[in-house]
Amino acid sequence: MATQAIWSGRRVTVTGGSGFLGGHLVKRLHTLGAKVFVPRSASYNLVRLEDCLRCLLEHPCDLLIHAAAFYGGIGINQTHPGSIYYTNLVMGANIMEAARLAKVSKVVNIGTACSYPGYLEGELKEEDLWAGPCHASVVNYGLTKKMLAVQGLAYRKQYGLDSIHLILTNLYGPGDSYNPERSHVVAALIRKFVEAEMHKADSVEVWGTGQPIREFIEVGDCAEGILLAAERYDDPELPLNIGTGVGTSIRQLTELIHELSGFKGRVVWNADKPDGAAKKVLDITRMTHVLDGWTPPTSLREGLARTIAWYRAHKAQADAKW
Ligand code: GDP
């Protein structure tokens with residue numbers, strides 16, 4: 001568990017704090033007694049350097065967690081590659097530049113497993129970040145976050161800015177995007193199966209072949225892992241993976257959501273839709289070592305059951321979110 005004494009009274013700015021992961025980070029930080037500031041886009045457009053700097057000067061912080069990102073599942077990476085690229089690249093570069101100008105003492109950058117080589121065998125180890133090209137389906141997002149890791153190293157060397165880079169796996173949970181254009185597979189399937197059950201439909205369409213392997217972390221667990229890493233991780237050279245280390249095929253995931261949703265119809269696989277990377281699972285050896293044996297406590301079944309219950313209870317609100 002994150003340490004109250006470390007966070008109590010600490011001034012923490014969380015970019016993306018009104019978003020999915022950021023929202024869970026802010027909630028956890030509040031319970032730990034931190035003084036949290038969340039920049040809202042109406043006041044601070046983080047794609048503009050002057051706004052980033054103004055934000056950090058108007059709201060001085062002891063720690064900056066850069067969790068803002070414009071991202072989504074395999075669908076939006078195909079329809080919005082340009083805006084995903086530009087927004088994340090420029091926002092990341094500006095946040096770091098502003099952090100060093102405002103003399104922020106520590107930055108935690110939130111990265112993504114999409115930055116890893118997309119065609120490696122086995123689990124993804126921190127040492128392998130540069131061992132090959134990103135998968136084509138997510139390169140425009142993955143590379144921008146990888147540049148943030150480069151910037152972190154460069155800024156430490158030249159300006160002494162203290163930053164760490166955390167690499168997250170696929171998140172799911174309450175507050176995710178359930179919009180079919182943007183959603184990742186878990187949110188997409190929860191919505192499809194819950195709606196199919198409500199309308200007593202005959203079938204649900206699932207994309208791809210079902211063969212790809214992914215790793216899924218419940219968002220609250222991920223927020224806890226990030227705060228633990230912020231407390232305990234300080235290696236400038238390597239990023240740190242935050243995940244479960246457990247691979248699940250899309251077919252297994254589909255069967256689980258099918259069962260938990262109570263839907264009685266059948267599944268239709270649409271192999272015309274892209275599979276994406278064959279396997280994306282983090283190696284969590286360093287994470288468990290650095291975080292003193294911590295691993296995400298929520299099992300996939302438990303997390304999915306809770307998320308389905310949350311989705312049913314907040315359906316209108318969840319569906320309205322982009
Ligand atoms: P990725 O991890 O970057 O590939 O992103 P996603 O979470 O969007 O997709 C993971 C896998 O789930 C891919 O193989 C998709 O083809 C598959 N998948 C199956 N059905 C769906 C769906 O309805 N929406 C999404 N986004 N992915 C789906």
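A: Happy to! Let's begin with Lys-192: a polar atom of its side chain lies 2.8 Å from an oxygen atom of the ligand. Taken alone, the ligand exposes 530 Å², and the protein buries 99% of that. Please keep in mind that this is a predicted model.

In Asn-170 the distance is 3.1 Å, and in His-184 it is 3.2 Å.

Now step back to the whole shell. The ligand is surrounded by 18 residues. Lys-192 is among the closest of them, together with Ile-74, Arg-214, Pro-274 and Asp-275.

Which parts of the fold build this shell? Helix 7, spanning 185–198, and strand 7, spanning 203–207, each give at least two residues to it. Helix 7 makes the largest contribution, with four residues.

As for the space itself, the ligand takes up the largest cavity.

A search of the whole structure turns up zero disulfides. Cys-61, for example, is in none, and the nearest cysteine sulfur, in Cys-55, is 7.7 Å away. For Cys-114, the closest cysteine sulfur belongs to Cys-134 and is 8.0 Å off, so the two are too far apart for a bond. Cys-61 is buried, with a relative accessible area of 10%, and Cys-114 is buried with a value of 10%.

Methods: Residues numbered from 1 in each chain as written. Predicted model: local features only at pLDDT ≥ 70, side-chain atom pairs only at ≥ 80, totals over all residues. Heavy atoms only, no water. Disulfide = S-S within 2.5 Å. Buried < 20%, exposed > 50% of the residue type's maximum accessible area, 1.4 Å probe, protein only. Near = heavy atom within 4 Å. Polar contact = N/O pair within 3.5 Å; in protein donor to acceptor, adjacent residues only side chain to side chain. Areas by Shrake-Rupley, 256 points an atom, 1.4 Å probe, with all protein chains shown as cover. 1 Å grid on protein atoms, 1.4 Å probe; cavity = no way out; pocket = protein on both sides within 12 Å on 5 of 7 lines; lining within 4 Å. Sits in = over half its atoms within 2 Å of the grid points.
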